[in-house]
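Here's a quick walk through one protein model, residue by residue where that helps. Have a look at the structure first, then read on.

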Amino acid sequence: MYAFSTENWNRPADEVGALLRLFKEYLEEALLDFMEENIRVRFIGDVSAFPEELRVLIREVEEASAPKTGMVLNLAMNYGGRAEIVRAARAFAQEAAQGTRRPEELTEELFSQYLYTGDQPDPDLIIRPSGEERISNFLLWQSAYAEFVYFDILWPDFSTRDLDQALSVYASRQRRFGGV
């Protein structure tokens, strides 16, 4: 779930503040709700930019849900796909400069391991509510072969019926991953 992009800091300060308060309330509820479910919660993005009390809550949610073995819910907060790719490239370059990696070792598979989602499979389906038909800097590397389904509804109005429709559209697609 794309909760807050790196570009969202450009919104008016009162709107950013309201979003941060909403995140805090949501994460406090998540600590209770997700603990009853078998859901592991992970945060992708640079959470260091958030206020300390929100960062503490983020750590608590991740630590409390870490033993869960069911679904993994990635919450993208202060996330941008381009920033993620630059971060990954810098991490590899740092290792190469230190001599622990050689540039010729770099493959797509290895580079993927430097991304926030490095230990997870790439998404098969990305659902985009809001009426916009663009990626919006979300999982740029990981979404190379994802199927996209767009909805002209806002996220709070997204229903189980809409999810069923997205899954039906996905099931009807022929996935070739660049092949014939």
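## N137, tucked into a loop

With a relative accessibility of 13%, N137 falls under the 20% cut-off and so counts as buried. This is a predicted model, so keep that in mind throughout. As for where N137 sits, look in the loop that runs between β4 (125-128) and β5 (147-150).

What does the side chain of N137 pair with? It makes a polar contact of 3.0 Å with the side chain of E7. Setting aside residues up to four places away in sequence, N137 touches Y2, T6 and E7, along with Y79, G80, G81 and R82.

## L75 in strand β3

Next up is L75, which belongs to strand β3 (residues 72-79). Buried or exposed? L75 is buried, because its relative accessibility of 5% is under 20%.

Which residues does L75 contact, once neighbours within four places in sequence are left aside? The list is M1, Y26, L27, V41, R42, F43 and I44. Have a look at F4 as well: its C-alpha lies 8.7 Å from that of L75, although 71 residues separate the two in sequence.

Beyond its neighbours within four places in sequence, L27 is in contact with F43, L54, L57, I58, V61 and L75.

## Salt bridges

On to the charged residues. Side chains of opposite charge can pair when their charged atoms come close. How many salt bridges does a search of the whole structure find? The total is 12.

One of them joins the side chains of E52 and R59, at 3.5 Å from N to O. E52 has a relative accessible area of 42%, which makes it partly exposed, and R59, at 40%, also counts as partly exposed. Another bridge pairs R134 with E132, with an N to O distance of 2.7 Å. R134 is partly exposed at 45% relative accessibility, and E132 is partly exposed with a relative accessible area of 32%.

## R173 and E147

The side chains of R173 and E147 form a salt bridge too, at 3.1 Å from N to O. Why does this pair tie together parts that are 26 residues apart in sequence? Because R173 lies in the segment after α5 (160-172), whereas E147 is in strand β5.

Terms used. Residues numbered from 1 in each chain as written. Predicted model: local features only at pLDDT ≥ 70, side-chain atom pairs only at ≥ 80, totals over all residues. Heavy atoms only, no water. Helix = DSSP H or I, 4+ residues; strand = E, 2+ residues; numbered from the N terminus. Buried < 20%, exposed > 50% of the residue type's maximum accessible area, 1.4 Å probe, protein only. Contact = heavy atoms within 4.5 Å. Polar contact = N/O pair within 3.5 Å; in protein donor to acceptor, adjacent residues only side chain to side chain. Salt bridge = Lys/Arg side-chain N within 4 Å of Asp/Glu carboxyl O.
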